[in-house]
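Here is a short briefing for a reader new to this structure. It covers the helix packing and then the ligand surroundings.

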Amino acid sequence: MPTFVSKGPMITTWYRFLERFIKIKNKNVALLSKVTLDQTLFAPSFIAIFFTAQGMMERKSRNQILEQLESVAYTLSSAYATERAVAINAVLKACMQLIPCKIPSLVADFSAQAVVNLILHKNFPDDPIVGEEDSGDLRGESGKPLRLRVLELTNTVLDSPIDEEELLQAIDRGSYGGGSKGRMWTLDPIDGTKGFLRGEQYAICLALIIDGIVQLGVVGCPNLPVDHEQPDGEKGCLFIAVKNQGAFQRSLSSTDEKPVRFADVSSPESASFCESTEAAHSNHDNATKIAALLGITKPPVRMDSQCKYCSVSRGDANIYLRLPVQEGYEEKIWDHASGSLLVEEAGGKVSDLYGKALDFSLGRTLKSNVGVIVAHPNIHAKVLEAVQTVCNE
Ligand SMILES: Nc1ncnc2c1ncn2[C@@H]1O[C@H](COP(=O)(O)OS(=O)(=O)O)[C@@H](OP(=O)(O)O)[C@H]1O
Ligand SMILES: [Mg+2]
């Protein structure tokens with residue numbers, strides 16, 4: 001019904017407008033101009049108006065309407081569709097090989113990097129990869145026992161088995177130095193090694209960066225509950241974000257994707273925050289002082305790995321702080337690329353401790369940034385101010 005009522009008159013008026021105002025003699029150029037205007041101006045506006053009106057008539061909430069618009073925009077957009085599908089497949093395979101049994105973390109780390117790099121190389125042979133691991137510890141006689149265990153695990157998820165030399169080559173495809181030009185992938189095969197060892201949160205994180213800008217991020221969290229409200233329910237989630245296409249979550253066992261959004265929060269007092277489990281990776285004492293300054297009363301949620309980015313993106317908490325412990329520590333691009341895009345696409349804001357955007361164009365590390373602050377745009381400025389007050393004390 002809304003289609004019938006709105007579409008006819010609007011389209012007729014639009015085409016009349018085009019006929020009247022596009023006065024180009026060359027017929028082909030005139031046609032091309034009309035098609036361009038139609039696809040870039042009319043179609044997106046019409047779709048947005050149509051779905052908003054439909055949502056309002058169905059008495060949907062503002063958030064439900066936004067979610068629907070996001071999924072329509074995603075369905076209609078095909079940018080990076082192949083990269084998205086390949087990245088999901090690679091991260092899923094790497095997750096699957098780690099779930100069934102208890103695996104030593106070194107074996108898991110190398111094997112996850114081999115699996116993801118092999119899948120990326122098969123699909124995008126010219127794309128360089130900035131990966132956390134290299135094959136040094138697997139080489140020679142001394143590396144043989146570890147090498148064979150990694151090879152065995154890697155071959156459990158590959159369609160066609162590889163040999164020892166192919167394994168080493170695959171891992172070393174992650175040796176790219178990064179930079180500001182062209183395409184590259186960045187991979188943390190197991191982020192949150194300590195969490196993996198404890199049987200808690202860890203993540204497999206893959207991102208596509210083009211000319212220094214993160215365009216796609218996929219994060220696999222094999223131990224994260226699918227629903228934060230049901231910590232004993234199904235575990236294992238995949239988070240996916242493509243620039244300007246929104247952020248999504250699915251479980252490892254299903255292909256159904258749901259949009260994820262930052263929880264609305266109007267003031268820091270009502271917020272909750274999460275930080276690293278490891279006090280050696282983020283300063284817990286300063287975080288406590290910042291929380292007090294902001295009037296936050298809820299205790300922090302401590303969690304390992306980029307699962308923190310995922311958790312705030314879907315509204316489990318409102319703030320993520322990573323406060324430097326060691327002067328001169330340079331954050332690695334694979335520890336933040338996919339997570340930061342996920343946050344931005346879910347409606348959150350990411351900066352460093354000085355309010356600067358994270359710069360992924362400077363090599364393997366975030367050389368020009370210090371720490372990370374993630375918060376809802378409504379409260380980011382206040383959080384930043386409190387962080388600066390405490391860190392400058
Ligand atoms: N000194 C220091 N400061 C800041 N960060 C550091 C530091 N040392 C290590 N790392 C990196 O922290 C990564 C783990 O991230 P988290 O701290 O979020 O998780 S965890 O709680 O430590 O498991 C961890 O990633 P993984 O090595 O992949 O686990 C490291 O890259
Ligand atoms: Mg890491």
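## Helix packing and the ligand shell

Helices α9 and α12 are oblique to each other. The model is a predicted one.

**α9 with α12**
- Helix α9 covers residues 284-294 and helix α12 covers residues 377-391.
- Their axes lie 9 Å apart, at an angle of about 130°. An angle over 145 would count as roughly antiparallel and one of 65 to 115 as roughly perpendicular, so this pair is oblique.
- The crossing of the two helices is right-handed.
- On the α9 side, the contact uses Asn286, Lys289, Ile290, Leu293 and Leu294. On the α12 side, it uses Lys382, Val383, Ala386, Val387, Thr389, Val390 and Cys391.
- By class, this contact has 8 nonpolar, 2 polar and 2 charged residues.

**α4 with α5**
- Helix α4 (residues 81-98) packs on helix α5 (residues 105-123) at an angle of about 155°. The axes of α4 and α5 are 9 Å apart.
- Angles over 145 degrees count as roughly antiparallel, so α4 and α5 are roughly antiparallel to each other.
- α4 and α5 cross in a right-handed sense.
- From α4, the contact takes Val86, Asn89, Ala90, Val91, Lys93, Ala94, Gln97 and Leu98. From α5, it takes Ala108, Ser111, Ala112, Val115, Val116, Ile119, Leu120 and Asn123.
- The contact of α4 with α5 comprises 11 nonpolar, 4 polar and 1 charged residues.

**α5 with α7**
- Helix α5 also meets helix α7 (residues 164-172), and their axes come within 8 Å. The two cross at roughly 85°.
- That angle makes α5 roughly perpendicular to α7.
- Phe110, Gln113, Ala114, Asn117 and Leu118 of α5 touch Leu167, Ala170 and Ile171 of α7.
- The contact of α5 with α7 holds 6 nonpolar and 2 polar residues, with no charged residues.

**Around ligand 1**
- Ligand 1 is surrounded by 20 residues. The closest are Gly192, Ser276, Glu278, His281 and Asp304.
- Strand β2 (183-191) and helix α8 (193-198) are the elements that each give two or more residues to this shell.
- The shell around ligand 1 has 8 charged, 8 polar and 4 nonpolar residues.
- Domain 2 (81-259) and domain 3 (268-391) each supply at least three residues to the shell.

Notes:
Residues numbered from 1 in each chain as written. Chains lettered and ligands numbered in written order. Predicted model: local features only at pLDDT ≥ 70, side-chain atom pairs only at ≥ 80, totals over all residues. Near = placed C-beta within 6 Å. Helix = DSSP H or I, 4+ residues; strand = E, 2+ residues; numbered from the N terminus. Nonpolar A, V, L, I, M, F, W, Y, C, P; charged D, E, K, R; others polar. Domains from an automatic or database assignment. Axes fitted to C-alpha atoms, helices over the stretch in contact; angles between N-to-C directions. Parallel < 35°, antiparallel > 145°, perpendicular 65-115°, else oblique. Left-handed = near helix turned anticlockwise from the far one by under 90°. Contact = placed C-beta atoms within 7 Å.
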